[in-house]
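Hi there,

Here is the structure I promised to pass on. Have a look, and my notes follow below.

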Amino acid sequence: MFEGVEFLNKEFFWLLLLLPLAILWYVLKNNKQTAELKISSLKGFKMTHSWLPKLKHLMFVLRLLALALLITALARPRSVDVSSRTKTTRGIDIVMAIDVSGSMLAKDLKPNRLEALKEVAADFIKGRPNDRIGLVEYAGESYTKTPITSDKAIVLRSLESIKYNNIIEGGTAIGMGLATAVNRLKDSKAKSKVIILLTDGVNNSGFIEPTIASELAVEYGIKTYTIGLGTNGMALSPVAVLPNGNFQYGRVQVEIDEALLKDIAKVTGGKYFRATDNEKLEAIYDEINKLEKTDVEEFKYYNYQEMYRPLVILAGLLLLIELLLRFTVFRSFV
């Protein structure tokens, strides 16, 4: 009955303690007002039965109910309707630069490095509903897969379509991948701009040095998180292409230029991570997600509806009924 109802002046409920006292007073008073006549026999008297004397207590009950309703009205009940609206006050623009060289097909992560990355990155994107995200692919050269956009469906479709192909020049151009990501963010008006650069190799291609790309990121106020992807030691990786077009796999030493990745992260104010398995890769994206929080402001609107008036009206009606009964039906008993 009182769901969604609050009482502004709850202290008035202490007055309800008067009700038991009023009942006690009424009982004692009624006993004193009851006259007694003792006779030896009722023979010769005509016996009549009337329900009016028994119902005269109804007037007191009506008065008590009216008093309880007035006390409840004094407590000022009101219904509360709460509505909320959220507003993003500090959005983040993020570009994910993904290495798509042949070594990303290595099977030290399951089912391979590229597919493991796509699965984790998809969860990361879904968890950033208030941010704009873009994708950059790079191997021996780089290009923009998806410009920064708030449409997560487009970004997720683009991420799913990423795969190794031999159209992009072979190699790993870390500098090119970083520079392309910087180019996508340099004109952004967001208060926070972030690049997540992932690679599983060393910079061995491209015409832009990673140090130059890092300086560009610093100039435009872009923070870069770098991720080295691959197990320690040897990994089952593509070593040749068979006549049927499939890859021939062999054990290959994992080589990641961690010094370069650490330097990029340090210079730009980011952080370097090393992912040696699926669980660590997932943990890395979870940590980045926590480090880069979007400020969301929530506005709550309260709509109050006062509910004391019906109680006062009902109490008044009960008192009116009590008075009418007192001066009509029960007039001879008062």
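**What I found**

Helix H8 (residues 258-268) lies across E6, E7 and E10, and runs at about 160 degrees to E7. This is a predicted model, where local features need pLDDT of at least 70, side-chain atom pairs count only at pLDDT 80 or more, and totals for chains, interfaces and linings use all residues. Residues are numbered from 1 along each chain as its sequence is written, and side-chain values use heavy atoms, with hydrogens and water left out.

Helices (H or I, at least four residues) and strands (E, at least two) are DSSP runs, numbered from the N terminus. Angles run from 0 to 180 degrees between N-to-C directions, with axes fitted to C-alpha atoms, for helices over the stretch in contact; contact means heavy atoms within 4.5 Å.

Which order do the strands of the open sheet take? The six strands go E5-E4-E3-E6-E7-E10, with mixed pairing (a pair needs at least two DSSP bridges). At the edges, strand E5 (142-149) and strand E10 (272-275) each pair on one side only. Neighbouring strands are turned by 15 degrees against each other on average, direction ignored.

Strand E4 (residues 132-138) and E5 run antiparallel, joined by five bridges. In this pair, glutamate 137 stands opposite tyrosine 143 of E5. Helix H4 (residues 113-126) also packs on the sheet, touching strand E3 (92-99), E4, strand E6 (192-199) and strand E7 (222-229), and its direction makes about 170 degrees with that of E3.

Phenylalanine 12 is in the loop between strand E1 (5-7) and helix H1 (18-33).

Best wishes
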